[in-house]
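Trainee: I'd like to learn how to read a model like this one, feature by feature. Can we go through it together?

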Amino acid sequence: MELSCLKSINPAKEENLVNNNIVSNEKLKTPVRTKHTSGLLSDKTSVVQFCTPKHLKTINTPNTSTKFNILPTTRTPIKRYFSDQALSQSTPDCFNIVHMETPCCKIDDIVAGEQTMYEGESSNLTVGIRIRPLNSKEMNDSKITSVVRGNGQNVIVECESAQHTFTYDHCFVSYHDPHTPGHASQEVVFHNMVLPLVQNAFEGYNVCLFAYGQTGSGKSYSLMGTELTQIGTMPFEEKVGIIPRFCQEILIRARNNLQIETTVEISYFEIYNEKIHDLLASTSSGSKKAPLKVREHPVFGPYVVDLSQHCVQNYKDLQAWLKVGNSQRATAATGMNEKSSRSHSIFSIILTQTHSDNQLDCKSLDANRRSKINLVDLAGSERLSQTSATGDRLREGVSINKSLLTLGKVIASLTENTNNRKQGFVPYRESVLTWLLKGDYINVHHTGKAFHAVS
Ligand SMILES: Nc1ncnc2c1ncn2[C@@H]1O[C@H](COP(=O)(O)OP(=O)(O)OP(=O)(O)O)[C@@H](O)[C@H]1O
């Protein structure tokens, strides 16, 4: 399986960013994006901020013992903006005058000999690969032998007389016996590849990580882990995957920084047969809600209409929501995987940091820094002859392969455009997945990672 993370190039450290970007609450009836050109800031590091009125958010934690009764969630300013018909008809003036600038990396800031773990992240897109061990079924099949092995950053595939070597930013090998030297546990994968994204998110960058690979290669295992539905288990046990670890890390950092009020809001949806389903919302009968629509905002880009967002304050809240979401995800047994995801899932976190500036002796002044984190578990590509799919499974497989093909086409077009320095057509709208991730591709130039799984 491959795991891709979109990540930032070492952005310059701006300790005082929040202090330097102050907007009066008077102007905050609609969200306003401001670009500040304070002399204290490097002009390469202007930050687009979303200023929100300071308010207490309702925490809706699902009651996991009974039916999930989703209370209306406090709408975020962005959601309010989207749902306000008067506003959404045209782009308000305040957006027209905003100049969107990209923070640039400061290569010079990297001092030789003082390497941190972030310095390996010199590219905008980092790609890691994880090789899973053979499962018990595969081990009992004499026809199946292991042909893939890792060596440093290289993956070596040996087939018959030929040997192929592929190089990645990270290569993780997981063995059946976790005590095997070099075994890449969930903790190792998270620490080496994903932790820098947490830092990027706190610096105000949007980040995106997506896992891709063949069906049954371990994408869901790496992103979500197993057994996390058991509330009360240790948060960082071996089997807990990237998504709960990411949230846990954010919550710990937020709790430890008393100067800044941090809110963490999550949403979780799947794209199944090109239709979007909110995984954290259900009807009173327990059945899934009607599919949601995608619309495109002139400034913020594509978004899912009426997607529920929920505040989480602690790990227990998160586990409860993940239990709701995962139980609603479309999975089915196929010839390649007993619990195969039949949809792409996108887990989003909105991280808002609010810093009250008392220096100006005015309590109504707040500065907000807001970043969006997308953690995407793509459905696995599958050879229909091997999954023995028929009926619904066949239709799902065709839809999965088609949207993955479009994803490949979009990435190829973007690469070609970048290499040729042109603005050619990119087929974002050929699938819901690529349309929704449009903003993330653009942001790949600043923030991104990819994770690839192989079995
Ligand atoms: N690193 C690993 N160590 C041990 N077991 C693993 C590992 N990765 C995956 N597995 C096991 O392999 C099986 C398939 O994994 P998983 O369901 O995550 O695959 P997937 O890539 O998400 O498949 P699909 O695309 O069909 O949803 C599961 O039983 C999982 O527990």
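Trainee: How exposed is Gln214, in relative accessible area?

Mentor: Start with the classes. Buried means under 20% relative accessible area, exposed means over 50%, and partly exposed lies in between, with a 1.4 Å probe and protein chains only. Gln214 has a relative accessible area of 37%, so the residue is partly exposed. This is a predicted model: local features need pLDDT of at least 70, side-chain atom pairs count only at pLDDT 80 or more, and totals for chains, interfaces and linings use all residues. Residues are numbered from 1 along each chain as its sequence is written, and side-chain values use heavy atoms, leaving out hydrogens and water.

Trainee: Where does Gln214 lie?

Mentor: Helices (H or I, at least four residues) and strands (E, at least two) are DSSP runs, numbered from the N terminus. Gln214 sits in the loop between strand 10 and helix 7 (219-223).

Trainee: Which residues does UniProt place in the feature "binding site"?

Mentor: UniProt positions use the numbering here, feature names are shortened, and annotations may be inferred rather than shown by experiment. The UniProt entry, which is unreviewed, places "binding site" at Gly213, Gln214, Thr215, Gly216, Ser217, Gly218, Lys219 and Ser220. Take Ser220, found in helix 7. Ser220 has 26% relative accessibility, so it counts as partly exposed.

Trainee: What is Ser220 in contact with, leaving aside its neighbours within four places in sequence?

Mentor: Contact means heavy atoms within 4.5 Å. With those neighbours left aside, Ser220 touches Gly225, Arg329, Ser341 and Asp377.

Trainee: How many residues surround the ligand, and which are the closest?

Mentor: A residue is near a molecule if one of its heavy atoms lies within 4 Å of it. Here 17 residues surround the ligand, and Thr215, Lys219, Tyr221, Ser340 and Ser341 are the closest. Now look at polar pairs. A polar contact is a pair of N or O atoms within 3.5 Å; within protein, one must be able to donate a hydrogen and the other to accept it, and residues adjacent in sequence count only if both atoms are side-chain atoms. A polar backbone atom of Gly216 is 2.8 Å from a ligand oxygen. For Tyr221, a backbone N or O atom lies 2.8 Å from an oxygen of the ligand. Gly380 has a polar backbone atom 3.0 Å from a ligand oxygen.

Trainee: Which side chains does Arg130 join through polar contacts?

Mentor: Arg130 is in strand 5 (residues 125-131). Its relative accessible area is 5%, so Arg130 is buried. The side chain of Arg130 makes polar contacts with those of Ser174 at 3.1 Å, Ser222 at 3.0 Å and Gln186 at 2.7 Å. Arg130 and Ser222 are 92 residues apart in sequence, yet 8.7 Å apart from C-alpha to C-alpha.

Trainee: Which residues touch the most other members of the largest nonpolar core?

Mentor: A nonpolar core is a set of buried Ala, Val, Leu, Ile, Met, Phe, Trp, Tyr and Cys residues joined through side-chain atoms within 4.5 Å. The largest one has 40 residues, and Phe246, Ile250, Ile266, Phe347, Ile349, Ile373 and Leu375 touch the most other members. Several elements supply at least two residues each, including strand 11 (261-272), strand 18 (344-356) and strand 19 (365-377). Helix 6 gives the largest share, 9 residues. Another core of 21 residues lies apart from it, with Ile271, Ile276, Val376 and Leu404 among them.

Trainee: How many helices and strands does the protein chain have?

Mentor: The chain holds 13 helices and 20 strands. Of its 455 residues, 50% count as buried. Among contacts between residues at least 6 apart in sequence, 71% join residues at least 24 apart.
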